[in-house]
Amino acid sequence: MLSDLQSAVAHWRDAGDRERLLQVVQPALIGLIDGTISTLAPIFAAAYVSGSRAALLVGLAAALGAAISMGMSEALSDDGALTGRGSSLQRGAITGLATFVGGMGHALPFLIDDVSRALTVAYVVVAVELVAIALVRKRYLRVSLAGSLAQVTAGGFVVAAVGVAVGHA
């Protein structure tokens, strides 16, 4: 395991910018965006309907399900031979892990029993996640920070609003 990690780090250092972007950054970014945004609605709906414990469990299930789905989608969509995107297994693992991290980040505040306090913390976590995504996009995709923040925040807001609306229905 340690030698695999050392090998991956060595490969990262030896790779060119385009190779890093296609084989690591882009799959991780896809996962973070999907994990963060796609899990907002079910987590917040569960919080409003059933409280913190339900939101935590729904968040865990949504993050795991999204991670498996996104990992498989990335791995099965391109073997890397035509596009130069590298190993499908590696990209799938990166995408799946990043999707899980993105989904679980804002589910963990629901370890707090008081749903109002948990929601407040979750909103802050979502804001941090969206800023982190915008910063990665700025750094690697060379998009403006303001434009990236607007895009990811709009997406996050729309999906969170769906969760709130369903939770209050």
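Author: Start with Asp79. Setting aside neighbours within four places in sequence, Asp79 is in contact with Gly86, Ser88 and Arg91. This is a predicted model, so these contacts are computed from predicted coordinates.

Asp79 sits in the loop between H4 and H5. Its relative accessibility is 55%, so Asp79 counts as exposed, the cut-off being over 50%. Arg91 is 12 residues away from Asp79 in sequence. In space, the two C-alpha atoms are 9.5 Å apart.

Now follow Arg91 into H5. Arg91 is one of the buried residues of this helix. The buried residues of H5 pack against H2, H3, H4 and H6. The length of H5 can be checked. At 1.5 Å a residue, its 18 residues should span 26 Å, and the end C-alpha atoms are 26 Å apart, which agrees.

Next, the partner H2. Helix H2 covers residues 17-38, and H5 covers residues 88-105. They pack at an angle of about 30°, with their axes 7 Å apart. The crossing of H2 and H5 is right-handed. Arg91 belongs to this contact too, on the H5 side, along with Gln90, Ile94, Thr95, Ala98, Thr99, Val101, Gly102 and Gly103. On the H2 side, the residues include Leu22, Val24, Pro27, Ile30, Gly31 and Asp34. The contact residues divide into 9 nonpolar, 9 polar and 2 charged.

Buried residues in H4 include Ser52, Leu56, Gly59, Ala63, Ala67, Met70 and Glu74. The buried residues of H4 pack against H2, H3, H5 and H6.

How far should you trust this? The chain averages a pLDDT of 88, and 92% of the residues score at least 70. Where pLDDT is low, the predicted coordinates should not be read in detail.

Terms used
Residues are numbered from 1 along each chain as its sequence is written. This is a predicted model: local features need pLDDT of at least 70, side-chain atom pairs count only at pLDDT 80 or more; totals for chains, interfaces and linings use all residues. Side-chain values use heavy atoms; hydrogens and water are left out. pLDDT is the predictor's confidence in each residue, from 0 to 100. Axes are lines fitted to C-alpha atoms, for helices over the stretch in contact, and angles run from 0 to 180 degrees between N-to-C directions. Helices (H or I, at least four residues) and strands (E, at least two) are DSSP runs, numbered from the N terminus. A crossing is left-handed if the near helix is turned anticlockwise from the far one by less than a right angle, and right-handed if clockwise. Contact means heavy atoms within 4.5 Å. Ala, Val, Leu, Ile, Met, Phe, Trp, Tyr, Cys and Pro count as nonpolar, Asp, Glu, Lys and Arg as charged, and the others, Gly among them, as polar. Buried means under 20% relative accessible area, exposed over 50%, partly exposed in between (1.4 Å probe, protein chains only). The expected span of a helix is 1.5 Å times one less than its number of residues.
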